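The questions below go through one protein model, moving from single residues to the sheet and the helices packed on it.

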Amino acid sequence: MDRKTKCKALCALTLAAAMSSFVLFSGRLQMTQTVFSPTGRSGSVLVIDPGHGGEDGGAVSVSGVPESGINLSIAIKCDQVAGLFGVPVTLLRTDDVSLAGPEAETLREKKRSDLQRRVEIVNSTESAYLLSIHQNQFTNARYSGAQVFYRPDEPSRLWALETQELLRSSVAPGNDRQAKEIPEEIYLMSHIQCPAILVECGFLSNPEEDALLQTEDYQRRLSIVLIGSYLQEIEQ
Ligand SMILES: [Zn+2]
């Protein structure tokens, strides 16, 4: 990220932080209500995907909390912050549910059907950008830190680099993880056609990070960074 880009990103972040503090703390505004709408937006739609849901809770934290709920809390806060900027958002789920169709019976079928539905929504959204929110887990509890993965195309790569850098500079200065191309076997990412990043917000296998990821304050900070970097991306 060059200096000018960094400056613009930090401006977007500062503004996002100020506006979101107002909304999130005042409690008077509804989700996605716009109080500020800058000009020059690209007409793009941010599709926010809170990973997992329903029977599929995803990774389970060391304190016994499934990632699906943490993903949803962060996604809802992203939606609130995005609303302040007049950024159109589609949230793929707003509750602890699966998007699987009624024909799916086994958990495996439900997971596949759920992902197919998510793909359909993303691919039927014009000028979509996909932000997929997940939590990480590893057998060794000492690993921590958010990491951004990207679909293998240039806009996604640049968006991921910006997001990783803003996470490091604004949320966790000690996080030296690098943005990485997403493995091909991730179904959602290999079946969509728009720029996309998947953010593993932290490690649920690390007790300190698990506790942090469950706080409103940290979730809010993450959401401000995620929307700040998206704003930066679509303004390029
Ligand atoms: Zn996950």
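This is a predicted model: local features need pLDDT of at least 70, side-chain atom pairs count only at pLDDT 80 or more; totals for chains, interfaces and linings use all residues.

Q: Is Leu 212 buried, partly exposed or exposed?
A: A residue is buried if 20 or more other C-beta atoms, placed from the backbone, lie within 10 Å of its own, exposed if 12 or fewer, and partly exposed in between. Leu 212 has 19 other C-beta atoms within 10 Å, and therefore counts as partly exposed.

Q: Which residues does Leu 212 touch, not counting residues up to four places away in sequence?
A: Two residues are in contact if their C-beta atoms, placed from the backbone, lie within 7 Å. Gly 202 is ten residues from Leu 212 along the chain, with 9.1 Å between the C-alpha atoms. With residues up to four places away left out, Leu 212 touches Gly 202 and Tyr 218.

Q: What is the order of the strands in the open sheet?
A: The protein has seven helices and six strands, and from the N terminus its elements run α-β-α-β-α-β-β-α-β-α-β-α-α. Two strands pair if DSSP finds at least two bridges between them. The six strands of the open sheet show mixed pairing, in the order E2-E1-E3-E6-E4-E5.

Q: Which strands stand at the edges of the sheet?
A: An edge strand here has a single partner strand, so one side of it is left without a neighbour in the sheet. The strands placed in this way are E2 (89-91) and E5 (180-181).

Q: How many bridges join E3 to E6?
A: On one side, E3 pairs in the parallel sense with E1 (residues 45-50) over six bridges, and Val 45 stands opposite Ala 128 in E3. E3 also runs parallel to E6 (residues 196-203), where Ala 196 is the bridge partner of Leu 130. The number of bridges joining E3 to E6 is six.

Q: How many of the nine residues of strand E3 are buried?
A: One side of E3 carries Ala 128, Leu 130, Ser 132, His 134 and Asn 136, the other Tyr 129, Leu 131, Ile 133 and Gln 135, and all of these are buried, so that both faces are covered. The strand, residues 128-136, is therefore largely enclosed by the rest of the structure, and the number buried is nine of the nine.

Q: What is the bridge partner of Phe 149 in E5?
A: Phe 149 lies in strand E4 (residues 147-150) and is buried, with 21 other C-beta atoms within 10 Å. E4 and E5 run parallel and are joined by two bridges. Across this pairing, Phe 149 comes to 4.8 Å, C-alpha to C-alpha, from a residue 31 places away in sequence, and its bridge partner in E5 is Lys 180.

Q: At what angle do H2 and H7 pack?
A: H2 (residues 67-84) lies across E1, E2, E3 and E6, while H7 lies across E1, E3 and E6. Their contact brings together residues including Ile 74 and Val 81 in H2 and Leu 222 and Ile 227 in H7. Axes are lines fitted to C-alpha atoms, for helices over the stretch in contact, and angles run from 0 to 180 degrees between N-to-C directions. The axes of H2 and H7 are 8 Å apart, and the angle is about 50 degrees.

Q: How close do the axes of H4 and H7 come?
A: H4 (residues 154-170) and H7 (residues 216-235) cross at roughly 140 degrees. The contact residues include Trp 159 and Leu 166 in H4 and Val 225 and Leu 226 in H7. The axes of these two helices come within 9 Å.

Note on methods
Residues are numbered from 1 along each chain as its sequence is written. Helices (H or I, at least four residues) and strands (E, at least two) are DSSP runs, numbered from the N terminus.
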